[in-house]
Amino acid sequence: MLALSVVVELLSKGNTRERTRKYSWRFTSVDGLPVASEIGTFPELDGTLGQCSQGAVLFVLGDETEPTRARKLSAHIRQQWREGRTIMAVDRGVLALAEAGILAGHSFTVHPDFRTEFDFRYPTLTPSGAAFEVDKRISTCAGGFAVADMVLAMMEIDLGKATRSAVEDNVLFISLHRPGAPATCTPLRTLTRDNPVLARAIEIIAERLDEPDILQSLSAELGISRRQLERYFSSILETTPKKFLTELRLEKAARLLTIAQTSALAVAFECGFGSQSAFTKAFKRKYGVAPKNYC
């Protein structure tokens with residue numbers, strides 16, 4: 001249940017970040033009946049395996065011990081694998097992948113608590129011992145919060161490094177928080193921790209979105225050339241300073257339009273756009289509607 005909660009939370013954040021339904025999900029069991037877990041049952045299912053076989057990824061959370069259901073689960077995993085779906089598994093779900101016969105020749109991992117059982121049942125397969133593994137269309141996770149790493153790796157492939165890092169920051173995943181520590185995070189910390197100049201550039205941009213000419217003075221403030229700054233953004237964030245700035249301005253504008261009763265013109269100037277027409281054009285390109293029709 002912990003792994004499932006983490007997965008859904010991250011995918012939801014990815015959808016929010018992209019302003020699109022990039023990810024959707026359905027919950028199934030072998031027979032469509034409620035599933036028992038260590039903390040209770042998970043009753044809200046969308047059907048049986050066969051009824052919910054569409055989609056790019058099959059995520060397996062557990063295996064089956066009852067022989068008939070175990071055979072059905074293994075057959076379903078093999079079929080989905082042969083049809084080209086990506087298969088992801090966490091905790092005892094990795095045992096289900098082994099039972100389905102699709103792990104041979106792939107790097108994979110398994111939770112230490114299940115290692116003795118795994119070695120006994122599948123002596124020809126050797127887990128790596130890593131927190132998680134991604135090998136072509138098979139991704140496996142030992143369990144716990146390491147599932148977040150695996151899902152974020154998938155998100156980086158789907159949506160890019162900047163979105164992956166933004167989601168990481170949003171869920172405060174970067175560092176272990178101790179009691180009493182503030183619930184704050186540094187924007188894009190994951191990608192910029194080895195480049196303090198880029199990290200500072202992002203901070204300045206985020207603090208001064210309302211300044212129309214912020215990029216004109218940014219390089220001088222940082223003590224580097226405009227070209228060097230562009231190289232940092234391109235190599236690490238896979239974007240340009242101008243595109244990054246525009247993205248932050250549009251996200252701020254969307255928040256203001258949602259929570260405040262104010263005109264599009266006021267929002268445009270609050271977010272640093274030189275004119276309402278430039279703001280409207282950029283906003284429609286990102287969100288598909290004019291600012292006045294956003295809410």
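Me: In which helix is the place of arginine 164?

Reply: The model is a predicted one. Within it, arginine 164 belongs to helix α6, which covers residues 161-170.

Me: Is arginine 164 buried or exposed?

Reply: A residue counts as buried when its relative accessible area is under 20%. Arginine 164 has a value of 13%, and is therefore buried.

Me: Which residues is arginine 164 in contact with, leaving aside its neighbours within four places in sequence?

Reply: They are Leu152, Ala153 and Glu156. With glutamate 156, the side chain of arginine 164 also forms a polar contact of 3.3 Å.

Me: How is the packing of two helices described?

Reply: One gives the angle between their axes and the distance between the axes. Here, helix α8 (residues 196-207) packs against helix α10 (residues 226-237) at about 100°, with the axes 10 Å apart. Angles of 65 to 115 degrees count as roughly perpendicular, so α8 and α10 are roughly perpendicular to each other. On the α8 side the contact involves Val197, Leu198, Ala201, Ile202 and Ile205, and α10 contributes Leu229, Tyr232, Phe233, Ile236 and Leu237.

Me: Which residues of α13 are buried?

Reply: In helix α13, residues 276-287, the buried residues are Phe279, Ala282, Phe283 and Tyr287. These lie on the same side of α13, because they cover an arc of only 110° around the axis. The face turned away from that buried side bears the exposed residues Ser277, Lys281 and Arg285.

Me: What follows α13?

Reply: Glycine 288 follows, with a positive phi near 85°.

Key. Residues numbered from 1 in each chain as written. Predicted model: local features only at pLDDT ≥ 70, side-chain atom pairs only at ≥ 80, totals over all residues. Heavy atoms only, no water. Helix = DSSP H or I, 4+ residues; strand = E, 2+ residues; numbered from the N terminus. Buried < 20%, exposed > 50% of the residue type's maximum accessible area, 1.4 Å probe, protein only. Polar contact = N/O pair within 3.5 Å; in protein donor to acceptor, adjacent residues only side chain to side chain. Contact = heavy atoms within 4.5 Å. Expected span 1.5 Å × (residues − 1). Arc of directions from axis to C-beta. Axes fitted to C-alpha atoms, helices over the stretch in contact; angles between N-to-C directions. Parallel < 35°, antiparallel > 145°, perpendicular 65-115°, else oblique.
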